[in-house]
Structure formats: structure tokens, C-alpha cells
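Here are my notes on the model you sent. They are set out as numbered points, and they start with a contact question.

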Amino acid sequence: MVGRFSSPGWERDVLCPSRLRFTGADELDALLARAGLTVGERYGRWDRSPFRPDAPEIITIAAVS
């Protein structure tokens, strides 16, 4: 994926290549725990639908443990 940023004052656009890496909920929980965080809420869609293993998204709200 490449993000393209521009501004009227810039000589040219700035391209920012990125790689996306997706992880499952279990790995996400382990990473959060290593960072001292716990899952407070988790949703499966941006409309706050409940998270299920087949959900298209993993929307996680984490807090300091």
C-alpha cells in the first residue's frame, strides 16, 4: 500500500509505502499483555457489533493493566 500526501506549497507529492500485517485476536491479546495492557472492549465491526471469530474486523479498546 502506498499513501500519497500533497500540499499546495510542496514541490511534489510525498509517497509513503507501507505494509499491512494482520493478526488474530489471540496474538493481539498477547501483544497487548506484553505492553502492559488489557482488553476493555472488543467489537467485530465499527458499528460496535459483537466480536466473533469470523468478524471482518478486530476493533479493540485496551487500557493499562
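1. Leaving aside its neighbours within four places in sequence, which residues is arginine 42 in contact with? The model is a predicted one, and in it arginine 42 is in contact with Ala25, Leu28, Asp29, Phe51, Ile58, Ile59 and Thr60. Arginine 42 has its place in strand β3.

2. Two of these partners also meet the side chain of arginine 42 through polar atoms. The side chain of aspartate 29 makes a polar contact with the side chain of arginine 42 at 2.6 Å. The side chain of threonine 60 makes a polar contact with that of arginine 42 at 3.0 Å.

3. Is arginine 42 buried or exposed? Arginine 42 has a relative accessible area of 19%, and the cut-off for buried is under 20%. Arginine 42 therefore counts as buried. In the protein chain, 11% of the 65 residues count as buried.

4. On the overall layout: the protein chain has one helix and four strands, and from the N terminus on these elements run β-β-α-β-β. The radius of gyration is 17 Å, well over the 11 Å that the globule rule gives for 65 residues, so the protein chain is more spread out than a compact globule. Along the principal axes, the C-alpha atoms fill a box of roughly 45 × 25 × 20 Å.

5. On contacts and surface: of the contacts in the protein chain with a separation of 6 or more, 25% are between residues 24 or more positions apart. The accessible surface of the protein chain is about 5,600 Å², and 55% of this belongs to carbon and sulfur atoms.

6. Valine 39 is another residue of strand β3. With residues up to four places away in sequence not counted, valine 39 touches Asp29, Leu32, Thr60, Ile61 and Ala62. Valine 39 and threonine 60 are 21 residues apart in sequence, while their C-alpha atoms are 6.7 Å apart in space. Valine 39 has a relative accessibility of 34%, so it counts as partly exposed.

7. Threonine 38 also lies in strand β3. Threonine 38 touches Ile61, Ala62, Ala63 and Ser65, again not counting residues up to four places away in sequence. Its relative accessibility is 39%, and threonine 38 therefore counts as partly exposed. Threonine 38 and arginine 48 are 10 residues apart along the chain, and their C-alpha atoms are separated by 18 Å.

8. Arginine 48 deserves a separate point. Arginine 48 has a positive phi of about 70 degrees although it is not a glycine. Most residues other than glycine have a negative phi. The place of arginine 48 is in the loop between β3 (37-43) and β4 (59-64). Why does arginine 48 count as exposed? The relative accessibility of arginine 48 is 57%, and exposed means over 50%.

9. How many salt bridges does the structure hold? There are five, among them one between the side chains of arginine 4 and aspartate 13, at 3.3 Å from N to O. Arginine 4 counts as exposed at 59% relative accessibility, whereas aspartate 13 is partly exposed, with a relative accessible area of 35%.

10. Two other pairs can be listed here. Glutamate 11 forms a salt bridge with arginine 12, with 3.6 Å between the closest N and O atoms. Glutamate 11 and arginine 12 are both exposed. Aspartate 54 forms a salt bridge with arginine 52, and here the closest N and O atoms are 3.0 Å apart. Aspartate 54 has a relative accessible area of 55%, so it is exposed.

11. Which residues form a nonpolar patch on the surface? Met1, Leu20 and Phe22 do, and together they have about 430 Å² of accessible area. Leucine 20 has its place in the loop between β2 (14-17) and α1 (25-34). Leucine 20 is exposed because its relative accessible area is 56%, and the cut-off for exposed is over 50%.

Technical notes:
Residues numbered from 1 in each chain as written. Predicted model: local features only at pLDDT ≥ 70, side-chain atom pairs only at ≥ 80, totals over all residues. Heavy atoms only, no water. Patch = residues over 30% accessible without salt bridge, like charges linked within 9 Å, V, L, I, M, F, W, Y side chains within 5 Å. Areas by Shrake-Rupley, 256 points an atom, 1.4 Å probe, with all protein chains shown as cover. Salt bridge = Lys/Arg side-chain N within 4 Å of Asp/Glu carboxyl O. Helix = DSSP H or I, 4+ residues; strand = E, 2+ residues; numbered from the N terminus. Buried < 20%, exposed > 50% of the residue type's maximum accessible area, 1.4 Å probe, protein only. Rg over C-alpha atoms; globule rule 2.2 N^0.38 Å. Contact = heavy atoms within 4.5 Å. Polar contact = N/O pair within 3.5 Å; in protein donor to acceptor, adjacent residues only side chain to side chain.
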